[in-house]
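Please walk me through this structure.

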Amino acid sequence: ALFAVDEKSAYRSYIPLESKSLQQVQDGFDTLIAEYTLHGHVVSHFVMDDERVFNAMRQPLARKGINATVTPAGLHNKRCERYWQTHLQRDRSVRADLAYELPPYLEYHIAKWVVALSNAMPSKQTGRITPFELFTKQRAVLPHFKFGQAGIFYSPRPDSDQRGEWGIFV
C-alpha cells in the first residue's frame, strides 16, 4: 500500500496496491495525485523511502512536473514513518475491540477506517481543526457505528421473506 501524509494539513492517504510492481506503484501515485487535485491542491514534491521502485518513479513524476526525492539509504521518511506507526497502533486498537478475528478480505476496510478516523481528529499540528477539514474544506462526519459492529441490516432480497440480515459495519 502507498501511505502518504500531507505536510501542511497532516491529512493521510492510503492507496492499496496488489503488488510493488512499477505499474502498480505508478497507478497508486496517479490515484494519490488525483485525490489531491480533486480537492484543489497542487502536488509539487514527494519525499519517498530509498527503494528501487520509488527511485524508478522519479522520471514518471518528473514528466508530470513533480519533484521526487528519496531519503538517504537506510533511513526512512521520518514524518511518514511516525504517522505509519500511529496508524498501526490504532489498527491494533480497533482489532482488539472486535469480538472476532477479522477476515483477511476486510484488511483494506480496516486500513481505510483507521485513516478516516485519523483524518477526522484534530491533532497538535492542526489545532482545533481536523486534517480532513484543512484538506477538503468540509467538516468531517463521524459515523454512528464503530468498525466491525454487528447488527441487523435492511436487505430487501427477492429470494427471502426476511427484511433484515445479520452483518457487520465496515
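Which residue forms a salt bridge with Lys 20? Glu 51 does, with the closest N and O atoms 2.4 Å apart. A salt bridge here is a side-chain nitrogen of Lys or Arg within 4 Å of a carboxyl oxygen of Asp or Glu. The pair links distant parts of the chain, 31 residues apart. Glu 51 sits in the loop between β3 and α2, and Lys 20 in the loop between β2 and α1. Helices (H or I, at least four residues) and strands (E, at least two) are DSSP runs, numbered from the N terminus.

Some ground rules come next. This is a predicted model, in which local features need pLDDT of at least 70 and side-chain atom pairs count only at pLDDT 80 or more, while totals for chains, interfaces and linings use all residues. Residues are numbered from 1 along each chain as its sequence is written, and side-chain values use heavy atoms, with hydrogens and water left out.

Back to the charged pairs. By the salt-bridge rule the count comes to six. Asp 30 forms one with Lys 64, the closest N and O atoms being 2.2 Å apart. Asp 30 lies in helix α1, and Lys 64 in the loop between α3 and β4 (67-70). These two are 34 residues apart. Both partners are partly exposed: Asp 30 at 32% relative accessibility and Lys 64 at 43%. On this scale, buried means under 20% relative accessible area, exposed over 50%, and partly exposed in between (1.4 Å probe, protein chains only). Glu 51, at 26%, is partly exposed too.

Asp 97 and Lys 146 make another salt bridge, at 2.8 Å from N to O. Asp 97 is in the loop between α4 (78-96) and α5, whereas Lys 146 is in the loop between α6 and β5.

Now look at α1. Its 17 residues should span 24 Å at 1.5 Å a residue, and its end C-alpha atoms are 24 Å apart, which agrees. The expected span is 1.5 Å times one less than the number of residues. Val 25, Gly 28, Phe 29, Leu 32, Ile 33, Glu 35 and Tyr 36 are buried in α1. They cover an arc of only 155 degrees around the axis, so they lie on the same side of α1. The arc is that of the directions from the helix axis to the C-beta atoms. An α-helix has 3.6 residues a turn, so residues three or four places apart point the same way. What covers the buried residues of α1 includes β1, β2 (12-15), β3, α2, α3 (58-63) and α6. After the helix comes Gly 40, with a positive phi near 80 degrees.

The largest nonpolar core has 20 residues. Such a core is a set of buried Ala, Val, Leu, Ile, Met, Phe, Trp, Tyr and Cys residues joined through side-chain atoms within 4.5 Å. Val 25, Phe 29, Phe 46, Met 48, Phe 54 and Leu 61 touch the most other members. β1 (2-5), α1 (22-38), β3 (45-48) and α2 (52-56) each supply at least two residues. The largest share, five residues, comes from α1. Phe 29 touches Leu 2, Phe 46, Met 48, Phe 54, Met 57 and Leu 61, not counting residues up to four places away in sequence. Contact means heavy atoms within 4.5 Å.

Helix α4 has 19 residues. Its buried residues are Cys 80, Tyr 83, Thr 86, His 87, Asp 91 and Val 94.

Finish with the aromatic rings. Rings of Phe, Tyr and Trp (its six-membered ring) pair if their centres lie within 6.5 Å; planes under 30 degrees apart count as stacked, over 60 as edge-to-face and the rest as tilted. The count comes to eight aromatic pairs. Trp 113 and Phe 147 form a tilted one, 5.9 Å centre to centre with 50 degrees between the planes. Trp 113 and Phe 169 are edge-to-face, at 5.8 Å and 85 degrees. Trp 113, Phe 145, Phe 147 and Phe 169 form one aromatic cluster.
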